[in-house]
Amino acid sequence: MSEALIPETPEAVLEDAADQADEEEPIKQRKNGLYPGVSDELAESMKSGWADTELHGLEPIAQAAHTAARRAALSARFPGERLVVPAGNLKTRSNDTEYPFRASVEYAYLTGSLTEDGVLVLEPAADGHKATIYLLPRSDRENGEFWLSGQGELWVGRRHSLAEAEQLYGIPASDVRELPDKLREATGPVRVVRGHDAGIEAALTDKVTAERDSELRVFLSEARLVKDEFEAGELQKAVDSTVRGFEDVVKVLDRAEATSERYIEGTFFLRARVEGNDIGYGSICAAGPHACTLHWVRNDGPVRSGDLLLLDAGVETHTLYTADVTRTLPVNGTYSEIQKKIYDAVYEAQEAGIAAVQPGAKYRDFHDAAQRVLAEKLVEWRLVEGPVERVLELGLQRRWTLHGTGHMLGMDVHDCAAARTETYVDATLEPGMCLTVEPGLYFQADDLTVPQEYRGIGVRIEDDILVTEDGNRNLSAGLPRRSDEVEAWMAAITA
């Protein structure tokens with residue numbers, strides 16, 4: 001990573017620029033930088049000789065009409081109130097390096113913009129609201145910010161001008177550096193989506209309440225429960241890339257055996273970065289008994305022939321919609337007798353769960369259907385005393401099933417999490433909802449209540465299911481699920 005003359009913070013350059021009209025101040029340098037300063041001649045040279053790179057005639061982003069409709073729904077819900085939705089800021093990873101930026105879901109959902117420091121503001125107007133997107137403009141070449149700031153364009157890349165942003169997002173754009181002062185002077189009721197931008201929240205500290213802000217967040221979470229046509233298409237893209245990522249992993253299982261679960265993690269990550277924005281969540285690459293740890297993301301264990309690999313992973317698209325798919329694969333391509341017995345039980349439970357995903361059905365129905373099948377299997381195997389109704393009433397199956405059978409899916413892997421219970425788990429399914437169906441059985445390596453042959457085996461099968469007008473569509477049907485089909489698929493890939 002290159003090191004040169006960089007101020008300690010980008011704000012230092014901007015503060016210096018504001019003072020330059022009255023007094024020239026020394027440019028703050030990084031401690032232990034190799035250059036002692038900037039000569040007047042170099043400063044003058046860097047101001048000129050650059051071509052005009054302004055982009056004209058840009059087409060709106062693909063979801064612009066959808067984001068406009070979402071803002072209109074938000075406006076109708078909170079008439080007469082100023083609404084502030086930040087994208088968030090860069091977060092320090094260590095010293096002067098940052099984590100890759102991911103815009104807040106609420107901001108991305110309403111604008112389609114994915115850039116740091118952005119803020120969407122809906123100001124009340126006679127006919128609803130006037131929307132403005134506040135962004136950082138192009139780096140200033142006159143004051144040297146574009147090459148002296150750690151976030152200047154010569155360091156991190158070009159950003160869109162405000163005029164370009166207006167064309168892309170279909171929203172009037174202004175300089176975000178002016179926004180805190182405007183918000184401090186604002187009158188009337190205000191709501192802000194909290195947790196993303198401390199500076200914006202500080203400017204509103206005497207104007208907002210936690211209760212009112214929570215209502216805004218809940219509304220935006222519930223608005224995402226039913227996906228529009230664009231969102232359904234993005235989810236399918238995410239799943240399609242994920243299917244190819246699973247195929248990539250099967251092709252290199254021999255290399256994973258020679259190294260570790262990290263090889264699987266890295267292989268899937270390559271697909272996610274080539275075809276999408278990133279992985280949608282930390283990939284679970286759990287081989288052998290690690291499959292019994294629900295969120296095993298250390299991925300540092302051995303991959304052995306004869307064991308199962310539980311791979312739970314999803315590609316995130318460039319618009320931040322993620323897949324969430326799980327397959328439990330035999331590392332050597334063939335399930336053992338006990339592995340197949342457990343796998344087939346989970347498959348049967350998943351089949352029952354998927355069949356229960358229908359418009360008009362209760363959200364809980366798919367979970368109940370899958371859990372009943374698993375409880376029946378546990379009673380049949382004499383691992384728990386029946387009858388099945390007793391097992392379900394007391395939740396005894398949960399020792400081995402552990403988790404709920406699914407969740408909403410979208411821009412977050414566990415999407416719509418702030419929605420009210422009555423609109424989520426106690427609600428009725430509608431066309432456009434997208435959820436996972438993912439039953440599992442997990443027999444811990446130290447579980448003395450089950451026979452030795454069960455111990456250390458964990459199986460989960462997960463698919464992404466879109467509720468349709470006449471039933472459902474399995475977005476991840478491109479990956480085999482039935483045990484014999486999985487074996488045939490793996491054999492064909494590795495042949």
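Select F78 to begin. F78 is buried, at a relative accessible area of 0% (buried means under 20%, exposed over 50%, partly exposed in between, with a 1.4 Å probe and protein chains only). The model is predicted: local features need pLDDT of at least 70, side-chain atom pairs count only at pLDDT 80 or more, and totals for chains, interfaces and linings use all residues. Residues are numbered from 1 along each chain as its sequence is written, and side-chain values use heavy atoms, without hydrogens and water.

Now search for ring pairs. The whole structure holds 8 aromatic pairs (Phe, Tyr or Trp rings, the six-membered one for Trp, with centres within 6.5 Å; planes under 30 degrees apart are stacked, over 60 edge-to-face, the rest tilted). F78 lies in the loop between helix 3 and strand 1 (82-86), F219 in helix 10 (residues 210-223), so the pair ties together parts 141 residues apart in sequence.

Next, select W381 and Y454. They form a tilted aromatic pair, with 5.9 Å between centres and 50 degrees between the planes. W381 is buried at 13% relative accessible area. Y454 counts as buried too, at 3%.

Then pick Y363, F366 and Y424. Ring pairs link them into a cluster.

Which residue lies over the face of W50? Select R141: it is 5.0 Å from that ring centre. The charged end of R141 also sits over the ring of F146, 4.5 Å from its centre (NZ of Lys or CZ of Arg within 6 Å of the ring centre and within 35 degrees of the ring normal).

How values were computed. Helix = DSSP H or I, 4+ residues; strand = E, 2+ residues; numbered from the N terminus.
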